[in-house]
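Please read the following walk through one protein chain with the sequence and the 3D view side by side.

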Amino acid sequence: MTTLAEFFTNNIIGVYFFYGLSFFSMGLAVFLEAGHTSELDFARALRPLAGFGLVHGSHEWFEMFEVMGHLPPELPLGQIRLVLLVVSFTCLAAFGWNIRECSKWVRKFCCILKRCKQTKQIKQHQERQNHGP
């Protein structure tokens with residue numbers, strides 16, 4: 001019987017293809033929709049997310065072509081892989097920073113979550129006092 005790990009190892013090209021396709025599709029969709037949002041700050045925050053998806057998807061396809069042996073051996077594969085990963089995760093970090101900074105609804109949502117947590121802690125404290133040791 002084949003284990004799940006063996007299945008994915010034997011079909012790694014398909015894994016790379018669909019994994020890359022998911023990121024690339026997300027990046028393309030975000031890129032196309034970012035200009036249609038009504039809140040300009042939010043649209044600006046989405047640009048790095050689109051960049052992350054497009055670059056990270058390209059990185060996965062680069063890995064796929066490397067496994068398939070379709071890349072010239074004289075290419076500096078390690079350096080290209082590293083640059084793609086650094087660029088993609090820098091875009092993701094930029095998205096996180098932008099979304100944290102730009103949007104009023106994010107700040108409001110964070111305040112609501114904080115208040116919910118505080119309310120829960122107060123209720124737990126009151127229950128402990130009511131039930132005693």
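Helix 3 has 29 residues, which should span 42 Å at 1.5 Å a residue, and the 43 Å between its end C-alpha atoms agrees with that. The expected span is 1.5 Å times one less than the number of residues. Helices here are DSSP runs of H or I with at least four residues, numbered from the N terminus. Just after helix 3, Gly-69 takes a positive phi of about 80°.

The model is a predicted one: local features need pLDDT of at least 70, side-chain atom pairs count only at pLDDT 80 or more, and totals for chains, interfaces and linings use all residues. Residues are numbered from 1 along each chain as its sequence is written, and side-chain values use heavy atoms, with hydrogens and water left out.

Helix 2 covers residues 12-34, which makes 23 residues. Its first and last C-alpha atoms are 33 Å apart, close to the 33 Å expected at 1.5 Å a residue. Which residues of helix 2 are buried? They are Tyr-16, Gly-20, Phe-23, Gly-27, Val-30 and Ala-34. Buried means under 20% relative accessible area, exposed means over 50%, and partly exposed lies in between, with a 1.4 Å probe and protein chains only. An α-helix has 3.6 residues a turn, so residues three or four places apart point the same way. What covers the buried residues of helix 2 includes helix 3, residues 40-68.

Phe-23 counts as buried because its relative accessible area is 17%. Not counting residues up to four places away in sequence, Phe-23 touches Phe-52, Gly-53, Leu-54, His-56 and Gly-57. Contact means heavy atoms within 4.5 Å. Phe-23 and Gly-53 are 30 residues apart in sequence, and their C-alpha atoms are 4.6 Å apart in space.

His-56 belongs to helix 3. With a relative accessible area of 5%, His-56 is buried. Beyond its neighbours within four places in sequence, His-56 is in contact with Tyr-19, Phe-23, Leu-85, Ser-88 and Phe-89.

Is Ser-88 buried or exposed? Ser-88 is buried, because its relative accessible area is 0%. Leaving aside neighbours within four places in sequence, Ser-88 is in contact with Phe-52, Val-55 and His-56. A polar atom of the Ser-88 side chain lies 3.1 Å from the backbone oxygen of Leu-85. A polar contact is a pair of N or O atoms within 3.5 Å; within protein, one must be able to donate a hydrogen and the other to accept it, and residues adjacent in sequence count only if both atoms are side-chain atoms.

Next come the charged side chains. Side chains of opposite charge can pair when their charged atoms come close. How many salt bridges does the structure hold? It holds 2, where a salt bridge is a side-chain nitrogen of Lys or Arg within 4 Å of a carboxyl oxygen of Asp or Glu. Glu-63 forms a salt bridge with Arg-81, and the closest N and O atoms are 2.5 Å apart. Glu-63 lies in helix 3 and Arg-81 in helix 4, so this pair ties together parts that are 18 residues apart in sequence. Glu-63 is buried at 11% relative accessible area, while Arg-81 counts as partly exposed at 23%.

Glu-66 also forms a salt bridge with Arg-81, with the closest N and O atoms 2.4 Å apart. This pair links distant parts of the chain, with Glu-66 in helix 3 and Arg-81 in helix 4, 15 residues apart. Glu-66 is partly exposed, with a relative accessible area of 26%. Through shared partners, the salt bridges join Glu-63, Glu-66 and Arg-81 into one network.

The last stop is the surface. Ile-13, Phe-65, Val-67 and Met-68 make a nonpolar surface patch of about 310 Å². Patches are made of residues with over 30% relative accessible area and no salt bridge; like charges are joined within 9 Å, and nonpolar side chains (Val, Leu, Ile, Met, Phe, Trp, Tyr) within 5 Å. Accessible areas come from the Shrake-Rupley method with a 1.4 Å probe, and for residues only the protein chains shown count as cover. Helix 3 gives the largest share of the nonpolar patch, 3 residues. Phe-65 is in helix 3 and counts as partly exposed at 36% relative accessibility.

Terms used:
Helices (H or I, at least four residues) and strands (E, at least two) are DSSP runs, numbered from the N terminus.
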